[in-house]
Amino acid sequence: MSIGFFGAVRYFSPGTLKWTGAVDTNWNNVSNWMVVSGSPTIPPNSGAGGDHVIIDNAAPNFPEIIVNAFARSLTVPLGAKVTVKNGGNLLVRGSDLDGVSNDGRISIETGGIFMVDSFFQDGLINGAAAVLINAGTFSVKNGFGSRIKNSDTILNSGNFTVFDGVDTGLINYSTGYISNTNNFSVTGGNSSQISNYGQIYNYGNVFSVSGGTGGTVFINQVKSYFYNQGTNANISGGAGGDRFDNFSIVDNYGSLTIGGAPSGKSFINRKGAFLNQNNGNLTIGNGNNVQLDNYGTANLQFTTFIFG
């Protein structure tokens, strides 16, 4: 045990395990694991006394999780993959480092569950060649860093939830691509919820981004793109910042609601930015400040436009 920054107590992992997949795809088969360092539990455990896990990208078999499985942190390098099958439940919890570092492929199939609960740094880092596909239930919570940093591809057709924590909920970098066709939620925390430098497409039933105790709820950065064709996209809350700050392009073909709050502006359309309403519905709710502050181009034809 040692004392980390800000007086936080950090319990270091008993050890690190490498998945070799020497025998089969069974996470709980001890013959599929190799000790890298320390004295880990085989199969690995989660929590403050749990084990760091590395998936070998040269493994003859990659893990397919069909029951409960655990790790303190998970590293999936380029060429490796992890699959959570129907009935499987993977919990990555308590890392003193990043929770999940993915440069390969993570798939959560229908009926599968994957939760990342990171105590300290970032929850999920989805790297420059990484793919995360969720058709089941995926959630990331807590941590002093961001819950998700995405540099490549996230495809969601299940239930995708990001919540709590200290820093920005989701950062989608310039090479990042996110597509939602079902339920996608980013909420809580002490900072901004989404900072988008890349592309986000919503076709789903629910795309919900709600603020925590500070920061702008959704920032659409320069050269980014947000496309909504969903039936219920809602950007709301936030105690200390604005709801939506657009520096680039927003295309709305669906239903987009910007909620009000006690402070901050509802929608800011910056100089050079575009807000395009294409047969969509835009509702901007009440608050104690400006509802629509437009310095760019707001194309509101062929739309239902409502001030709440």
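**A walk around a predicted model**

Hi everyone, let's start with Asn-279, which counts as exposed because its relative accessibility is 61%. Here exposed means over 50% relative accessible area, buried means under 20%, and partly exposed is in between (1.4 Å probe, protein chains only). Asn-279 sits in the loop between strand E33 (274-277) and strand E34 (281-284). Strands (E, at least two residues) and helices (H or I, at least four) are DSSP runs numbered from the N terminus. Asn-279 also has a positive phi, near 60°, even though it is a residue other than glycine.

Before going on, a word on where this comes from. This is a predicted model, in which local features need pLDDT of at least 70 and side-chain atom pairs count only at pLDDT 80 or more, while totals for chains, interfaces and linings use all residues. Residues are numbered from 1 along each chain as its sequence is written, and side-chain values use heavy atoms, leaving out hydrogens and water.

How confident is the predictor? The mean pLDDT (confidence in each residue, from 0 to 100) is 89, and 89% of the residues reach 70 or more. Over residues 1-12, though, the pLDDT is below 50, and this stretch has 20 contacts in the model beyond near neighbours in sequence. A contact means heavy atoms within 4.5 Å.

Back to the backbone. Lys-223 is not a glycine either, yet its phi is positive, about 70°. Look for Lys-223 in the loop between strand E26 (218-220) and E27; with 77% relative accessibility, Lys-223 is exposed.

Is Asn-228 buried or exposed? Asn-228 is buried, because its relative accessible area is 0%. Apart from residues up to four places away in sequence, Asn-228 touches several others, including Asn-202, Asp-251, Tyr-253 and Leu-256.

Ile-42 is partly exposed, at 33% relative accessible area.

Finally, charges. Side chains of opposite charge can pair when their charged atoms come close. For a salt bridge, a side-chain nitrogen of Lys or Arg must be within 4 Å of a carboxyl oxygen of Asp or Glu. How many salt bridges does that rule give? The count is 5.

One of them pairs Asp-117 with Lys-141, with the closest N and O atoms 4.0 Å apart. Asp-117 is in strand E13 (residues 113-117) and Lys-141 in strand E16 (residues 137-141), so the pair ties together parts 24 residues apart in sequence. Asp-117 is buried, at 8% relative accessibility.

Next, Lys-149 bridges to Asp-122, where the closest N and O atoms are 3.1 Å apart. Lys-149 belongs to strand E17 (residues 148-150) and Asp-122 to the loop between E13 and strand E14 (124-126), so this pair joins parts 27 residues apart in sequence. Lys-149 is partly exposed at 22%, whereas Asp-122 is buried at 9%.

My last pair is Arg-270 and Asp-245, whose side chains meet in a salt bridge of 2.8 Å, N to O. Arg-270 is in the loop between strand E32 (267-269) and E33, Asp-245 is in strand E29 (residues 244-246), and they are 25 residues apart. Arg-270 is partly exposed, at 28%, and Asp-245 is buried, at 6%.

Terms used:
pLDDT = per-residue confidence, 0-100.
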